[in-house]
2 protein chains.
Amino acid sequence: MASMDPMTSTATQAPRSGPVTRKDVARYAGVSTAVVSYVVNGGPKRVAPATEAKVQDAIRVLGYRPNAAARALKLGSSETLGLIIPDITNPFFSLFAHAVEDAAAALGYALVLSNSDGNVARERNNVRNLAARQVDGVLLASVLFEPDLASLETADIPSVLLNQERDAPGFNSIGVDLAAGARMAVEHLIGHGHTNIGLAMGTNVSGSKDGREQGWRDALRDAGLREGPITYSEFDRSGGYVAGQRLLASVNRPTAIFASSDMQAIGILRAVREAGLDVPGDIALACFDGSVESEYSWPPLTTVVQPVTAMAEAAVASLVGAGRGEPPRHRLFATELKVRQSCGCP
Amino acid sequence: MASMDPMTSTATQAPRSGPVTRKDVARYAGVSTAVVSYVVNGGPKRVAPATEAKVQDAIRVLGYRPNAAARALKLGSSETLGLIIPDITNPFFSLFAHAVEDAAAALGYALVLSNSDGNVARERNNVRNLAARQVDGVLLASVLFEPDLASLETADIPSVLLNQERDAPGFNSIGVDLAAGARMAVEHLIGHGHTNIGLAMGTNVSGSKDGREQGWRDALRDAGLREGPITYSEFDRSGGYVAGQRLLASVNRPTAIFASSDMQAIGILRAVREAGLDVPGDIALACFDGSVESEYSWPPLTTVVQPVTAMAEAAVASLVGAGRGEPPRHRLFATELKVRQSCGCP
DNA sequence: GCCTGGTATCAACTCGAGTAGATCACTCGG
DNA sequence: CCGAGTGATCTACTCGAGTTGATACCAGGC
């Protein structure tokens, strides 16, 4: 019956078959297809008010929507952006994705999402796929610290590298000052009187060094402290869980831990509890990212928050907004320490 | 040298400007454009092996990628699906989005993501937008219990309604048996000896009844118990927080609470702790969704898990997979109670 | 009455790829 | 030695919208 209704309405006024095209509108309004175009997009030529009204009417009656594919073909732009991230399930990335979607939508762009699941091959595949789809730009949060520039280069699509610490010549890139952020957090821990501070570091497939590790080192060195134990594991909750277990089992068990992501901290929290210990009483904790989850854990996590919205807006703008024409550059954003209770503050 | 090769080939023969088209490939390989098409997609006609090799060569050398816009225009299909959800930041939806992306990618479809942010107008706008972009189907998790069918109908795009409890005639829809799931959880709480069980119910803009509320009622009735206090608030963490505060302040404070989402339970956990009480000691807790976060909270949440992957696959398949041609129908999935510790189990 | 200048509109071409129908080159049987 | 038959390939049209370079129309000035 729902399959009946469209039929009857078809009989009375609407398209006999398939979608309504510009031609149908033109015929209905008694004008040429060019005029319809002019009306639809305030076209390059003026249209008499009376004619415009007729056309608008026809559009409404027939329910015409311009075919985006045809438009994209002619204009060479799909008004679409691609976002490639390791995993949308990670709260940090989902927050980021939301911000990117907002920024893109504000400029009339749609967002194609793809997850690389920490897999380089899949990441590369996604880039090619997006390239073939004529996206107007891609935002890439690579699973590699040093992204697969070659595939982006040959695809020669405007792009921004996300979560990028260093400058990547010839590319737009965006990132936060990891070292400075980590340093802030570790210094805060030191301020609480801790002298043995461990590090739970996340790993990437490339395995190259991360600024957070450096920031932790720098803070300890400047305070004249010895480096506490380090573990390397996945950036996610389960990675944090094993990091926590290892850190607690280390010969010189730390009294405080800095984790390279909120998710790791969540995992550590669990390991600490299972060991019958208390945060922050036995182990103080600080971490990195500033996702919503950090606020609702117990205890609420002291974390280095990344300016996600600003970064997303800057990334989108560098592709299709104000910054489009500008030469590629690296944008470094400052982080902010959000002090809650996992560090020992009341 | 990988970055060199394209360069040198550029100098000798490759595109002087802009993207490589089928025509360029044809010229380079010394064949007609039709043959290139045949090769690219195992075309409707056979090509001699030798010719095929030449063409493949040309494609590789020139770095040709077929223009998806042109393809979409000709074929009337963009090989793209649209997903509209309230908020990707909600772990349940991000899990779902990931599963949908996987299922779509497996079939060669890309996924356009849009958030409606609980706003009906934005939701409707997103539908129109996706329709104009010639997506081959849209998956809609409406902010309304009863989605805005009219806008989908006039857009007449294949679609699936997600999180849909009831049958929506003429539409594909997918959902879990909310009432049965809720009932399981509440019965489990009853099994722990609780006789005063409260309900933290999430609200939608439409405000119509939800099966979870019914399941809670049914379980209590069948056990001969009186209904505990109810609160209505947002489905998210902050909604749960206020629900928790209200429930704790109610005249007959419950000893157990069933929350309509994991996120609400997380918020309740916080409210309970701030009141100096313990979960599950003072207040037992069970909830609904089965997101990852429920596993890593403290205590781990006993929750009704939705078969997200299966649902995502079914949704995608009904649009572009095996189920494409079939008449629209409602698919109800069973839930499973994941017992952890917030209910009082060891 | 005729020309000028402007305005409103239109016909026709384009974007890049898919494909039906025509064309060409061969081989083989008679 | 020729026609039929089989492959391989090409020509040309199509999808729907944007846009340029005509064209039609009208008012006003001489």
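**Figure 1. Right-handed crossing of helices α9(B) and α10(B).** The crossing of α9(B) and α10(B) is right-handed, a crossing being called left-handed if the near helix is turned anticlockwise from the far one by less than a right angle, and right-handed if clockwise. The view is taken from a predicted model, in which local features need pLDDT of at least 70 and side-chain atom pairs count only at pLDDT 80 or more, whereas totals for chains, interfaces and linings use all residues. Residues are numbered from 1 along each chain as its sequence is written, chains are lettered from A and ligands numbered from 1 in the order in which they are written, and side-chain values use heavy atoms, with hydrogens and water left out. Helix α9 (residues 178–191) of chain B packs against helix α10 (residues 211–222) of chain B at an angle of about 40°, and their axes lie 7 Å apart; helices (H or I, at least four residues) and strands (E, at least two) are DSSP runs, numbered from the N terminus, while axes are lines fitted to C-alpha atoms, for helices over the stretch in contact, and angles run from 0 to 180 degrees between N-to-C directions. That angle makes α9(B) oblique to α10(B) (angles under 35 degrees count as roughly parallel, over 145 as roughly antiparallel, 65 to 115 as roughly perpendicular and the rest as oblique). Residues of α9(B) including B:Leu178, B:Val186 and B:Ile190 meet residues of α10(B), among them B:Gly215, B:Trp216 and B:Leu220, contact meaning heavy atoms within 4.5 Å. The residues of this contact divide into 8 nonpolar, 2 polar and 5 charged (Ala, Val, Leu, Ile, Met, Phe, Trp, Tyr, Cys and Pro count as nonpolar, Asp, Glu, Lys and Arg as charged, and the others, Gly among them, as polar).

**Figure 2. Packing of α2(B) on α4(B).** Helix α2 (residues 22–29) of chain B and helix α4 (residues 49–62) of chain B have axes 9 Å apart and pack at an angle of about 125°, so that α2(B) is oblique to α4(B). The crossing is right-handed; B:Asp24, B:Val25, B:Tyr28 and B:Ala29 of α2(B) take part, together with residues of α4(B) including B:Lys54 and B:Ile59. This contact comprises 8 nonpolar, no polar and 2 charged residues.

**Figure 3. Packing of α6(B) on α14(B).** The axes of α6(B) and helix α14 (residues 308–320) of chain B come within 8 Å and cross at roughly 50°, and the two helices are therefore oblique to each other, in a right-handed crossing. Among the residues that meet are B:Phe92, B:Phe96 and B:Val100 in α6(B) and B:Met311 and B:Val316 in α14(B), and the contact divides into 11 nonpolar, 1 polar and 1 charged.

**Figure 4. A salt bridge between A:Arg122 and B:Asp102.** The side chains of A:Arg122 and B:Asp102 meet at 3.4 Å, N to O, a salt bridge being a side-chain nitrogen of Lys or Arg within 4 Å of a carboxyl oxygen of Asp or Glu. Because A:Arg122 lies in helix α7 (residues 120–132) of chain A and B:Asp102 in helix α6 (residues 91–106) of chain B, the pair joins two chains.

**Figure 5. Backbone details in loops.** A cis peptide bond with omega of about -10° joins A:Trp298 and A:Pro299, and A:Pro299 lies in the loop between α13 (293–296) and β10 (302–305) of chain A. In chain B, the peptide bond from B:Val279 to B:Pro280 is cis, with omega near 5°.
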